[in-house]
Amino acid sequence: MGTTVKLIIYGDSTFAELVKHYFETDSNYRVVAFCVDRAYKTKDELCGLRVVALEDALSRYSPEEHHIFAAIGYKSVRVHKALFEKMLHLHYPIASYISSKAIVDASCQIGVNCLVLPGAILEPHVRVEDNCFVNSGAIVCHHATVEAHSIVAAGSLIGGYSVVGESSLIGFQASVAELRRVGKETLLAAGSVLLEDTGECAMYAGAPARMIRSHAETGIVLAK
Ligand SMILES: CC(C)(COP(=O)(O)OP(=O)(O)OC[C@H]1O[C@@H](n2cnc3c(N)ncnc32)[C@H](O)[C@@H]1OP(=O)(O)O)[C@@H](O)C(=O)NCCC(=O)NCCS
(Lines give C-alpha, C1' and ligand atoms only; values in the text may rest on other atoms or scores of the structure.)
Protein backbone atom coordinates (compact mmCIF):
# COMPACT_ATOMS: atom_id res chain seq x y z
CA MET A 1 0.00 0.00 0.00
CA GLY A 2 1.33 3.47 -0.91
CA THR A 3 0.64 6.87 0.59
CA THR A 4 -2.76 7.41 2.14
CA VAL A 5 -5.04 9.86 0.32
CA LYS A 6 -7.90 11.66 2.07
CA LEU A 7 -11.33 11.06 0.55
CA ILE A 8 -14.68 12.83 0.82
CA ILE A 9 -17.79 10.82 -0.01
CA TYR A 10 -20.67 12.66 -1.71
CA GLY A 11 -23.79 11.04 -0.25
CA ASP A 12 -24.97 10.01 3.21
CA SER A 13 -27.12 6.94 2.56
CA THR A 14 -26.45 3.35 3.60
CA PHE A 15 -24.91 3.00 0.14
CA ALA A 16 -22.45 5.78 1.05
CA GLU A 17 -21.61 3.84 4.25
CA LEU A 18 -20.95 0.72 2.16
CA VAL A 19 -18.69 2.67 -0.18
CA LYS A 20 -16.77 3.99 2.86
CA HIS A 21 -16.30 0.41 4.02
CA TYR A 22 -14.82 -0.69 0.69
CA PHE A 23 -12.43 2.27 0.43
CA GLU A 24 -11.26 1.97 4.02
CA THR A 25 -10.70 -1.77 4.11
CA ASP A 26 -9.19 -2.22 0.67
CA SER A 27 -7.56 0.92 -0.77
CA ASN A 28 -5.11 3.70 -0.05
CA TYR A 29 -7.95 6.10 0.73
CA ARG A 30 -8.97 7.26 4.18
CA VAL A 31 -12.47 8.71 4.31
CA VAL A 32 -12.51 12.01 6.24
CA ALA A 33 -16.06 13.31 5.69
CA PHE A 34 -19.37 12.90 3.89
CA CYS A 35 -21.06 15.75 2.03
CA VAL A 36 -24.57 16.28 0.67
CA ASP A 37 -26.39 19.15 -0.98
CA ARG A 38 -27.37 21.63 1.72
CA ALA A 39 -31.07 21.19 0.98
CA TYR A 40 -30.76 17.45 1.70
CA LYS A 41 -28.61 17.70 4.82
CA THR A 42 -30.46 15.99 7.68
CA LYS A 43 -27.60 14.99 9.99
CA ASP A 44 -24.25 16.29 11.18
CA GLU A 45 -22.51 12.96 11.57
CA LEU A 46 -22.33 9.54 9.93
CA CYS A 47 -20.09 6.62 10.95
CA GLY A 48 -18.33 8.99 13.36
CA LEU A 49 -17.46 11.43 10.55
CA ARG A 50 -18.77 14.90 9.84
CA VAL A 51 -21.50 15.40 7.22
CA VAL A 52 -21.02 18.81 5.59
CA ALA A 53 -22.97 20.72 2.96
CA LEU A 54 -21.50 20.20 -0.49
CA GLU A 55 -21.49 23.98 -0.83
CA ASP A 56 -19.09 24.22 2.15
CA ALA A 57 -16.85 21.31 1.23
CA LEU A 58 -14.33 23.34 -0.79
CA SER A 59 -13.59 25.75 2.03
CA ARG A 60 -13.10 22.93 4.56
CA TYR A 61 -11.38 20.28 2.44
CA SER A 62 -9.01 21.57 -0.22
CA PRO A 63 -8.89 19.84 -3.62
CA GLU A 64 -5.09 19.82 -3.31
CA GLU A 65 -5.32 17.41 -0.36
CA HIS A 66 -8.59 15.55 -0.91
CA HIS A 67 -10.19 13.35 -3.53
CA ILE A 68 -13.94 12.77 -3.85
CA PHE A 69 -16.30 9.91 -4.73
CA ALA A 70 -20.02 10.27 -5.49
CA ALA A 71 -21.77 7.40 -3.71
CA ILE A 72 -25.17 8.15 -5.20
CA GLY A 73 -27.34 5.06 -5.47
CA TYR A 74 -29.23 4.15 -8.61
CA LYS A 75 -32.86 4.11 -7.54
CA SER A 76 -33.04 6.77 -10.24
CA VAL A 77 -30.22 6.43 -12.76
CA ARG A 78 -30.84 9.99 -14.00
CA VAL A 79 -30.21 11.29 -10.47
CA HIS A 80 -27.08 9.08 -10.23
CA LYS A 81 -25.85 10.81 -13.43
CA ALA A 82 -26.93 14.36 -12.51
CA LEU A 83 -25.23 14.37 -9.11
CA PHE A 84 -22.01 12.98 -10.58
CA GLU A 85 -22.06 15.83 -13.13
CA LYS A 86 -22.74 18.37 -10.39
CA MET A 87 -19.73 17.05 -8.45
CA LEU A 88 -17.47 17.59 -11.49
CA HIS A 89 -17.83 21.37 -11.02
CA LEU A 90 -16.01 21.18 -7.68
CA HIS A 91 -12.78 20.21 -9.47
CA TYR A 92 -11.69 17.63 -6.90
CA PRO A 93 -9.71 14.66 -8.21
CA ILE A 94 -12.26 11.83 -8.45
CA ALA A 95 -11.53 8.39 -7.03
CA SER A 96 -12.49 4.91 -8.24
CA TYR A 97 -12.52 1.73 -6.18
CA ILE A 98 -11.32 -1.51 -7.74
CA SER A 99 -11.47 -4.40 -5.30
CA SER A 100 -8.28 -6.34 -4.74
CA LYS A 101 -10.59 -9.40 -5.00
CA ALA A 102 -11.75 -8.50 -8.52
CA ILE A 103 -9.93 -9.90 -11.55
CA VAL A 104 -9.17 -7.00 -13.86
CA ASP A 105 -6.91 -7.52 -16.86
CA ALA A 106 -4.15 -4.94 -17.18
CA SER A 107 -5.49 -3.90 -20.61
CA CYS A 108 -8.85 -2.72 -19.18
CA GLN A 109 -9.69 0.99 -19.03
CA ILE A 110 -11.71 2.17 -16.07
CA GLY A 111 -12.99 5.73 -15.66
CA VAL A 112 -13.47 7.89 -12.58
CA ASN A 113 -16.13 7.36 -9.93
CA CYS A 114 -16.31 3.67 -10.74
CA LEU A 115 -16.76 0.73 -8.38
CA VAL A 116 -15.53 -2.74 -9.32
CA LEU A 117 -16.58 -4.97 -6.45
CA PRO A 118 -15.18 -8.27 -5.14
CA GLY A 119 -15.42 -11.23 -7.48
CA ALA A 120 -16.08 -9.14 -10.58
CA ILE A 121 -14.12 -10.21 -13.66
CA LEU A 122 -13.11 -7.75 -16.38
CA GLU A 123 -11.55 -9.62 -19.28
CA PRO A 124 -8.93 -8.11 -21.64
CA HIS A 125 -9.69 -4.81 -23.42
CA VAL A 126 -12.87 -4.07 -21.47
CA ARG A 127 -13.72 -0.38 -21.13
CA VAL A 128 -15.76 0.89 -18.19
CA GLU A 129 -16.57 4.59 -18.52
CA ASP A 130 -17.06 7.16 -15.75
CA ASN A 131 -19.55 6.67 -12.91
CA CYS A 132 -20.23 2.96 -13.51
CA PHE A 133 -20.66 0.31 -10.84
CA VAL A 134 -19.68 -3.27 -11.69
CA ASN A 135 -21.03 -5.23 -8.75
CA SER A 136 -19.90 -8.41 -7.05
CA GLY A 137 -19.39 -11.43 -9.27
CA ALA A 138 -20.34 -9.69 -12.53
CA ILE A 139 -18.41 -10.78 -15.61
CA VAL A 140 -17.63 -8.35 -18.42
CA CYS A 141 -16.16 -10.31 -21.31
CA HIS A 142 -13.32 -9.21 -23.59
CA HIS A 143 -13.65 -6.00 -25.64
CA ALA A 144 -17.00 -5.12 -24.08
CA THR A 145 -17.80 -1.51 -23.13
CA VAL A 146 -19.91 -0.27 -20.26
CA GLU A 147 -20.82 3.32 -21.07
CA ALA A 148 -20.97 6.09 -18.48
CA HIS A 149 -23.38 6.07 -15.49
CA SER A 150 -24.37 2.42 -15.95
CA ILE A 151 -24.85 -0.27 -13.30
CA VAL A 152 -23.92 -3.91 -13.87
CA ALA A 153 -25.61 -5.78 -11.01
CA ALA A 154 -24.19 -8.68 -9.03
CA GLY A 155 -23.80 -11.91 -10.93
CA SER A 156 -24.62 -10.53 -14.37
CA LEU A 157 -22.74 -11.18 -17.58
CA ILE A 158 -21.89 -8.96 -20.55
CA GLY A 159 -20.74 -10.86 -23.63
CA GLY A 160 -17.61 -10.10 -25.64
CA TYR A 161 -17.66 -6.95 -27.82
CA SER A 162 -21.06 -5.94 -26.48
CA VAL A 163 -21.79 -2.33 -25.53
CA VAL A 164 -23.98 -1.36 -22.62
CA GLY A 165 -25.32 2.07 -23.50
CA GLU A 166 -25.06 5.08 -21.21
CA SER A 167 -27.17 5.14 -18.01
CA SER A 168 -28.33 1.53 -18.29
CA LEU A 169 -28.91 -1.04 -15.57
CA ILE A 170 -28.23 -4.72 -16.13
CA GLY A 171 -30.15 -6.53 -13.36
CA PHE A 172 -29.04 -9.29 -11.01
CA GLN A 173 -27.86 -12.39 -12.87
CA ALA A 174 -28.99 -11.04 -16.24
CA SER A 175 -26.98 -11.84 -19.36
CA VAL A 176 -26.25 -9.90 -22.53
CA ALA A 177 -25.10 -12.08 -25.44
CA GLU A 178 -21.89 -11.24 -27.29
CA LEU A 179 -21.78 -8.55 -30.00
CA ARG A 180 -24.98 -6.87 -28.78
CA ARG A 181 -25.69 -3.16 -28.51
CA VAL A 182 -27.75 -2.23 -25.46
CA GLY A 183 -29.30 1.20 -26.10
CA LYS A 184 -28.89 3.99 -23.58
CA GLU A 185 -31.13 3.97 -20.49
CA THR A 186 -32.01 0.29 -20.92
CA LEU A 187 -33.20 -1.65 -17.87
CA LEU A 188 -32.61 -5.39 -18.30
CA ALA A 189 -34.66 -7.13 -15.61
CA ALA A 190 -33.05 -9.52 -13.15
CA GLY A 191 -32.37 -12.99 -14.55
CA SER A 192 -33.17 -12.00 -18.14
CA VAL A 193 -31.21 -13.11 -21.20
CA LEU A 194 -30.78 -10.51 -23.92
CA LEU A 195 -30.07 -11.98 -27.36
CA GLU A 196 -30.93 -8.97 -29.57
CA ASP A 197 -29.88 -5.32 -29.69
CA THR A 198 -32.23 -3.01 -27.83
CA GLY A 199 -33.74 0.40 -28.49
CA GLU A 200 -33.35 3.21 -25.96
CA CYS A 201 -35.12 4.14 -22.72
CA ALA A 202 -37.02 0.89 -22.19
CA MET A 203 -37.30 -2.10 -19.90
CA TYR A 204 -36.57 -5.56 -21.27
CA ALA A 205 -37.32 -8.80 -19.42
CA GLY A 206 -37.47 -12.58 -19.87
CA ALA A 207 -35.37 -15.22 -21.59
CA PRO A 208 -35.09 -14.34 -24.36
CA ALA A 209 -35.70 -10.76 -23.25
CA ARG A 210 -38.51 -8.77 -24.84
CA MET A 211 -39.35 -5.09 -24.57
CA ILE A 212 -41.90 -4.63 -21.77
CA ARG A 213 -42.37 -0.86 -21.59
CA SER A 214 -40.74 2.50 -22.29
CA HIS A 215 -39.57 4.85 -19.55
CA ALA A 216 -38.47 7.72 -21.81
CA GLU A 217 -40.00 10.35 -19.52
CA THR A 218 -38.49 9.24 -16.22
CA GLY A 219 -35.39 7.24 -17.13
CA ILE A 220 -34.73 4.11 -15.06
CA VAL A 221 -36.41 4.27 -11.66
CA LEU A 222 -36.30 1.24 -9.37
CA ALA A 223 -39.41 1.63 -7.26
CA LYS A 224 -38.65 -1.30 -4.96
C1 LIG B 1 -37.27 -4.85 -13.97
C2 LIG B 1 -38.01 -4.75 -12.66
C3 LIG B 1 -37.67 -3.40 -12.01
C4 LIG B 1 -39.48 -4.80 -13.00
O5 LIG B 1 -40.21 -4.62 -11.84
P6 LIG B 1 -41.74 -4.11 -11.97
O7 LIG B 1 -41.76 -2.74 -12.52
O8 LIG B 1 -42.37 -4.33 -10.66
O9 LIG B 1 -42.28 -5.08 -13.06
P10 LIG B 1 -43.78 -5.48 -13.27
O11 LIG B 1 -44.22 -6.30 -12.10
O12 LIG B 1 -44.57 -4.27 -13.62
O13 LIG B 1 -43.66 -6.44 -14.50
C14 LIG B 1 -43.99 -6.07 -15.80
C15 LIG B 1 -43.91 -7.31 -16.63
O16 LIG B 1 -42.51 -7.69 -16.77
C17 LIG B 1 -42.33 -9.01 -16.29
N18 LIG B 1 -41.10 -9.07 -15.53
C19 LIG B 1 -40.71 -8.20 -14.57
N20 LIG B 1 -39.52 -8.57 -14.09
C21 LIG B 1 -39.15 -9.67 -14.77
C22 LIG B 1 -38.01 -10.49 -14.73
N23 LIG B 1 -37.01 -10.24 -13.89
N24 LIG B 1 -37.93 -11.54 -15.58
C25 LIG B 1 -38.95 -11.79 -16.42
N26 LIG B 1 -40.06 -11.04 -16.51
C27 LIG B 1 -40.16 -10.00 -15.68
C28 LIG B 1 -43.52 -9.30 -15.38
O29 LIG B 1 -43.80 -10.67 -15.34
C30 LIG B 1 -44.62 -8.52 -16.05
O31 LIG B 1 -45.13 -9.25 -17.12
P32 LIG B 1 -46.74 -9.27 -17.40
O33 LIG B 1 -47.09 -7.84 -17.69
O34 LIG B 1 -46.88 -10.19 -18.55
O35 LIG B 1 -47.34 -9.75 -16.14
C36 LIG B 1 -37.62 -5.88 -11.69
O37 LIG B 1 -38.13 -7.11 -12.18
C38 LIG B 1 -36.13 -6.06 -11.64
O39 LIG B 1 -35.55 -6.87 -12.32
N40 LIG B 1 -35.50 -5.22 -10.84
C41 LIG B 1 -34.05 -5.12 -10.85
C42 LIG B 1 -33.46 -5.69 -9.57
C43 LIG B 1 -31.98 -5.64 -9.73
O44 LIG B 1 -31.41 -6.36 -10.49
N45 LIG B 1 -31.37 -4.76 -9.00
C46 LIG B 1 -29.95 -4.59 -9.15
C47 LIG B 1 -29.48 -3.39 -8.46
S48 LIG B 1 -27.76 -3.26 -8.64
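Colleague: Which residues are closest to the ligand?

Modeller: This is a predicted model, in which local features need pLDDT of at least 70, side-chain atom pairs count only at pLDDT 80 or more, and totals for chains, interfaces and linings use all residues. Residues are numbered from 1 along each chain as its sequence is written. A residue is near a molecule or strand if its C-beta atom, placed from the backbone, lies within 6 Å of it. The ligand is surrounded by 15 residues, and the closest are Ala153, Gly171, Ala189, Ala190 and Ala205.

Colleague: How many nonpolar, polar and charged residues form the shell around the ligand?

Modeller: Ala, Val, Leu, Ile, Met, Phe, Trp, Tyr, Cys and Pro count as nonpolar, Asp, Glu, Lys and Arg as charged, and the others, Gly among them, as polar. On that basis the shell has 10 nonpolar residues, five polar ones and no charged residues.

Colleague: What separates the centres of domain 1 and domain 2?

Modeller: The domain bounds come from an automatic or database domain assignment. The protein chain is divided into domain 1 (5-88) and domain 2 (97-214). Taken over C-alpha atoms, their centres are separated by 25 Å.

Colleague: Which element supplies the largest share of the side of domain 1 that touches domain 2?

Modeller: Two residues are in contact if their C-beta atoms, placed from the backbone, lie within 7 Å, and 12 residues of domain 1 are in contact with 10 residues of domain 2. Helices (H or I, at least four residues) and strands (E, at least two) are DSSP runs, numbered from the N terminus. Helix H1 (14-25), strand E5 (66-70) and helix H3 (77-88) each supply at least two residues of this side of domain 1. The largest share, five residues, comes from H3.

Colleague: Which strands stand at the edges of the open sheet of eight strands?

Modeller: Two strands pair if DSSP finds at least two bridges between them. The sheet has mixed pairing and the order E6-E9-E12-E15-E18-E21-E23-E24. One side of each edge strand is left without a neighbour in the sheet because each has a single partner strand; these are E6 (97-98) and E24 (210-214).

Colleague: Which residues does a cis peptide bond join?

Modeller: Most residues other than glycine have a negative phi, and most peptide bonds are trans. Pro208, in the loop between strand E23 (202-205) and E24, takes part in a cis bond with omega of about 0°. The residues joined are Ala207 and Pro208.

Colleague: Is His91 buried or exposed?

Modeller: His91 lies in the loop between H3 and E6 and has a positive phi of about 65° although it is not a glycine. With 10 other C-beta atoms within 10 Å, His91 is exposed.

Note on methods. A residue is buried if 20 or more other C-beta atoms lie within 10 Å of its own, exposed if 12 or fewer, and partly exposed in between; C-beta atoms are placed from the backbone.
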